[in-house]
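The following exercises concern the structure shown below. Work through each task before reading its solution.

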Amino acid sequence: MLSLLLWRRARSLRNRVAFFTPYEWARNSVFGLAGLGLLYGLYCGFLRLLAYLATVPLIGNLLLWKLTSMLMLTTLGMVVISSLLTSLSIIYYSYDLKFLMKVPVSLTTIFIDKSLESIFFSSWMIGLILVPYVLAMMKVNGLGWGFFAAFVVLMAPFLLLAAAVGVAFTVVVLYLFPSSRTRDVIWVMSSLSMTMVYGLVRFSKPERLIRPDALRVVADYLNFLQAPTAPVLPSWWITKALISLSSGQYEAFATYAALLFAAAAVFYGGLVWLAGKLYFQGYSGAQEGPLRRRPVVIEPLPEARWLPGAAGILFWRERVAFFRDVKHWSQIFLILGLIFVYLFSIQRMPTDNADIRRLVSFLNIGTAGFVIAALGLRFTFPSISLEGKSWWVLAAAPVTPREIMRQKLVFSLVPMSTIALILGASANHLLRADAFTAYLSLGSLLVITWAICAMGVGFGALFPMFTVENIHQIESSVGGFVYMAACLFYIGANIMVLSWPMKMHFEELYGRTHAWDSHLMALCAGAWIVVNAFAFTVPWLLGRRALESYEVH
Amino acid sequence: MIEITGLVKKFGELSAVKGLDLSVGPGEIFGFLGPNGAGKTTTVKLITGLLKPTAGTIKVCGFDIAKQTLEAKRVMGLVPDEPFVYPKLTGAEYLRFIGELYGVPLAHQKKRIPELLEMFELSGWSGELVESYSHGMRQKLVLGGILLHEPKVLVLDEPMVGLDPKSARMAKEILTTLAARGTCIFMCTHVLEIAEKLCGRIGIMIKGEMIALGTLEELRGKARGGSDLEDIFLSLTGGQEYSALLKHL
């Protein structure tokens, strides 16, 4: 029966590819090429880093493998956390589970089918990122393709083990606390863990490893470098297997490889056996809706006091629903982590030169703008599509697309402007930027943020996806790609235009008389107005028109 | 109250509605029947402004849905075939949202919302999130929303699906009462018994065309016999061919 379930997957995949339209072929090819480009970029980065580390006298090789073991440990941790989230949605909340539970297929078979899907989706991307690292490692150490083949073979039990740990945790927790409330708790815990891992990696200051002055310190810890990294974990076993293979110790390689395969088989076998006993109770409990009685209050809506008309009503509904969705909380944790790491990175920059500080403060428009655009992709752009299948309520109601879009814009503006202010003002403070640079960068960052919000709502209305269930499908859609590309282009155009007054400011500081050219300033102001007027109005109008003519099928 | 003239809707090559002319007056319950894929739901979506007509006009209480969209929507209420409602709102909040959206005065909401929740036996669930509601409970909630803003024209697409017998009976009585008060009701249904009991006039659509329109007596005459609406419907829509297939069971 398992083979039948797997056949349906293969068939669905084949049908999906067979029914690609020329447009979808083109789009997927573009995305595929972009992905390959990204992997190549990673390969170049890893190659540069590893080549540098390999040249360090005495400890070069030790450093390479220490880094590898740490990378494997990080991979292990990330796959476990990723598996927590993925297994929860796939094993307990997949749309086809209601069908599968009705047909005469054993629970164990359903669990194997779903757990394999979960293991694949929680690990493939993280595993793929290791490929350019291993290729760079092969190049630096002069290893052949046999090494790569061994790596690929060993990754299967390694990733299976890591993901199975997350699955096992979810199965046990859902059995002990069979409620959809558990889903929310796991979401929040996983997001917090992810934020902590992200923060810890950054706060450990990995850049010290590639600075010669820091390397002297590393040399003092030769013993630390030689010591195994978490020897009881599979990340060390796979590292040891690869080390052994690279140095021709085939017996040790075989031992560690066998250990990995045996552990994966025993652990996954045990998990399947356990799931046979625990899965159904957890599944059954997870389907029950969360009963959290809230008081019924019929009083004037707070938002209606300051937002007249339908916008106030829509804002109220959006606010209430937003903060009840645990998936949004998890994103908020990640954003907080991101802000801290961002400011920490600014603080770590060399700031002994005032010109560099000015320049970084100015270029911060671009980096902070990019962060805002990325947040817009997660929050603003999908906001219209997230109306989902309830869109008919608004479509049939006496409310215009313009009012809906306005509300979405207002809802995004407040938090995004706050984040932009924190990123801009704190960076300027940390960099001790002069008044002109600080005002220029902060002011333009705020305008960029507002424009990005307007573009997010505009493009979101231009490419609505009311039928998708997963927000990631909205983010990674063509519309998301167009929005992100437009944002990057817009930020770039802003930096180009604003670099003129910045240049004149520098010239004035260097003592040039009549540094401020009024004609050039007028031209710059004109260009700035055109760029921003375009960003504020064109996507907005296109989106409004698209939403007005949108048909609810 | 509903005036449809030369209504055409095409999806690419497919004509879902082919030149529909129809008028439904105040206080009338109009039953719209047809086999799957006949174009009934498409017509409902065209009337309520969820789809744009390829040709023709629709007027609701004299307002052209294409040109006076907001005015038309303000006097109309829709119960769709699938009652998708904001999962993260509670039942009471959904009604509150609808009340505000349609401009129902706060004092009226304070009085009506608890009454409606009580009427549909949702009082105990009013503080729970809609995501924990069953299909039938959501259907009742949507009906409650419609009753809150008291539209002059009510458009329903399979309103009884998912309702328990008691709620279905209540829904039927509500529709009869509303019609008696002058509300114009346009209802799509597959439940012929409901159409037979409730509807003053019935229209039968096949492949986008209205093949029969009239009272039950008029349809009976057209079908040349048949004791109930089921016989009439099957006679008019050619639904007897399955008999041969049944022999293979």
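**Exercise 1.** Which residues make the nonpolar surface patch of about 510 Å²?

Solution. The model is a predicted one.
Step 1. The patch is made by A:Phe120, A:Phe121, A:Trp124, A:Met125 and A:Leu128.
Step 2. A patch residue must have over 30% relative accessible area. A:Phe120 has 47% and is therefore partly exposed.

**Exercise 2.** Determine the extent of the interface of chain A and chain B.

Solution. 
Step 1. The size of an interface is often given as the accessible area lost when the parts come together.
Step 2. Chain A and chain B bury about 3700 Å² between them, and 65% of this area lies on carbon and sulfur atoms.
Step 3. Of the area that chain A buries against chain B, 20% is supplied by A:Ile298, A:Trp392 and A:Pro398, more than by any other three residues.
Step 4. In terms of residues, 38 from chain A and 43 from chain B take part in the contact.

**Exercise 3.** How many salt bridges are found across the interface of chain A and chain B?

Solution. 
Step 1. The rule finds 3 salt bridges across this interface.
Step 2. A salt bridge requires a distance within 4 Å. B:Lys110 and A:Glu299 form a salt bridge, with their closest N and O atoms 3.7 Å apart.

**Exercise 4.** Which residues of helix 9 of chain B are buried?

Solution. 
Step 1. Helix 9 of chain B spans residues 229–237, and its buried residues are B:Leu229, B:Ile232, B:Phe233, B:Leu234 and B:Thr237.
Step 2. After this helix comes B:Gly238, with a positive phi near 65°.

Note on methods: Residues are numbered from 1 along each chain as its sequence is written. Chains are lettered from A and ligands numbered from 1 in the order in which they are written. This is a predicted model: local features need pLDDT of at least 70, side-chain atom pairs count only at pLDDT 80 or more; totals for chains, interfaces and linings use all residues. Side-chain values use heavy atoms; hydrogens and water are left out. Patches are made of residues with over 30% relative accessible area and no salt bridge: like charges are joined within 9 Å, nonpolar side chains (Val, Leu, Ile, Met, Phe, Trp, Tyr) within 5 Å. Accessible areas come from the Shrake-Rupley method with a 1.4 Å probe; for residues, only the protein chains shown count as cover. A salt bridge is a side-chain nitrogen of Lys or Arg within 4 Å of a carboxyl oxygen of Asp or Glu. Buried means under 20% relative accessible area, exposed over 50%, partly exposed in between (1.4 Å probe, protein chains only). Helices (H or I, at least four residues) and strands (E, at least two) are DSSP runs, numbered from the N terminus. Contact means heavy atoms within 4.5 Å. Buried area is the accessible area (1.4 Å probe) that two parts lose on being put together, summed over both.
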